[in-house]
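Please read it with the structure open.

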Amino acid sequence: MRIAAALAGASALAIALAACAPGSGGAKPASTAGGEISTDVAAAGDITLTVWDQEVRGGQDEQMKRLNEEFQKKYPNVTINRVSQAFDDLNKTLRLALTGEDAPDVVQSNNGRNVMGAFVKAGQLRPLDDYAGLYGWKDRFAPSVLQYSSYSEDAKTFGSGSVYGLPQTGEVVGVFYSKKALATAGITLPSTWKDFESALATAKSAGAAPLVLGNIDKWPAIHVFGPVQGSAVPADTIAKLGMGNAGADWTSAESVKAAETLQGWATKGYFNDGPNGTDYDAAWQSFGSGQGMFLIGGSWLGADLQDAMGDDVGFFVPSREDGTSATTGGTGLPFAITSAARNTDVAAAYIDFITSDEAMKILAETGNMPVNGTAALAPARGVQADIFSAFGMVTGEGDLLPYLDYATPTFSDTLGDALQGLIDGKLTPQQFTEALQADYSGFVSSNG
């Protein structure tokens, strides 16, 4: 849902034009409840901006280094103190850091209720509507993008309200595959989920390792179950379930069917040995070294798998039986300003800079999929061309489904534990969906 612009009329036009070059020119103040804000970074004097991110993999790390260098070159009075941590480490340390005296100024925060929603509720993140009006963010970013980092002040509503962060990248979950492995097994690239399951069976019969998964941290299987559920459950139902909104039911026949499918893959031996005890990074690196035929994962792995496999790696999203596509996706983790930020003008200028149109070009050059200008910046060939095409197809003609762990503050743990139980055979598909329904319905009833 598009959030109403903070400024209107001729003054909004002047500000939008001035915002095309972040931080250029003199100060351009706007009146807010907390006083005036400005794009004049130089006025802050010498300042250190502490930024926490989780862009640790090859292409992700490269784009951050380049953008940080360019920002400091543009604004020599600013020194960026970058603290980069793996996704899981950042999630663990950020909660404590935001309550301390040395809280960072800018942080990447998981969009979901259990992370960003909790920070919003605790007043630890600053709403950015004033800066969004000043820099024209609500024109640059589509409403479908901004909804993933929008909350009401009390964090009860997810998907609308104030904007609390901006992402750099778009994300889509699909199937990476080894062209050599398919050719060796005599398998044609699947187009539908039915074809994909047939390919898994053929690969298993041929003695190949069909599907690689590293699920020791529990969240990776969410990115496997989500697309499988998308093949069987109506998109509007998944949107309600994933965003924690009322009106849906985890125990529907369609969701049970999706759980049966995933458990069936484990029972038939389609996964590598012990996926619940395998590390996520070790799993995709194993796939990148030639171990396995398929890997269900997110577009963020594209650059690293391209480096490891070259032209051997491809990417696709299987279609539903009606020919349409639905899969998990959305945006990368948004960059937000903490309530403890020393200078919010500098922090906002930084976020504007790393999400600008110029930044989108650098993201594409480093193998990342920019959330804006995706089609125009698509490479001519390689796995990234596949990924960009899939993102365009799903967002344009299909359904991009929310990450399921967004649903409730505790759903990441509930779903992660239940998926491990489902894969291990300790939970039946019915028990699996009942566990999810209990968390979801309890939250919905208490959040009214």
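This is a predicted model: local features need pLDDT of at least 70, side-chain atom pairs count only at pLDDT 80 or more; totals for chains, interfaces and linings use all residues.

1. Sheet order. Four strands form an open sheet in the order β4-β3-β5-β13. The pairing is mixed. The edge strands are β4 (78–84) and β13 (335–337), each of which pairs on one side only. Neighbouring strands are turned against each other by 25 degrees on average, direction ignored.

2. Strand β3. This strand spans residues 47–53. It runs parallel to β4, and seven bridges join the two. One of the partners to look up in β4 is Asn81, which bridges to Thr50. β3 also runs parallel to β5, here with two bridges. In that pairing, Val51 has Val106 as its bridge partner. β3 is mostly covered: six of its seven residues are buried.

3. The antiparallel step. Strand β5 covers residues 106–108. Three bridges join β5 to β13, and these two strands run antiparallel. Val106 bridges to Ile337 in β13.

4. Helix α2 (residues 58–74) lies across β3, β4 and β13. Its direction is at about 165 degrees to β4. Together, β3, α2 and β4 make a β-α-β unit, and this unit is right-handed. Helix α3 (residues 87–97) packs on the sheet too, where it touches β3 and β5. The direction of α3 makes about 135 degrees with that of β3.

5. An aromatic pair. A search of the whole structure finds 18 aromatic pairs. Take Phe176 and Phe315. How are their planes set? The ring centres are 4.8 Å apart and the planes stand at 65 degrees, so the pair is edge-to-face; the cut-off for that class is over 60 degrees. Phe176 belongs to strand β8 (residues 170–178) and Phe315 to strand β11 (residues 313–316), so the pair ties together parts that are 139 residues apart in sequence. Are these two residues buried or exposed? Both Phe176 and Phe315 are buried.

6. An aromatic cluster. Which residues do ring pairs link into a cluster? They are Tyr177, Trp193, Phe196, Trp265, Phe271, Phe294 and Phe316.

Key:
Residues are numbered from 1 along each chain as its sequence is written. Side-chain values use heavy atoms; hydrogens and water are left out. Two strands pair if DSSP finds at least two bridges between them. Axes are lines fitted to C-alpha atoms, for helices over the stretch in contact, and angles run from 0 to 180 degrees between N-to-C directions. Contact means heavy atoms within 4.5 Å. Buried means under 20% relative accessible area, exposed over 50%, partly exposed in between (1.4 Å probe, protein chains only). A crossover is right-handed if, with the strands pointing away from the viewer, the path from the first strand over the helix to the second runs clockwise. Rings of Phe, Tyr and Trp (its six-membered ring) pair if their centres lie within 6.5 Å; planes under 30 degrees apart count as stacked, over 60 as edge-to-face and the rest as tilted.
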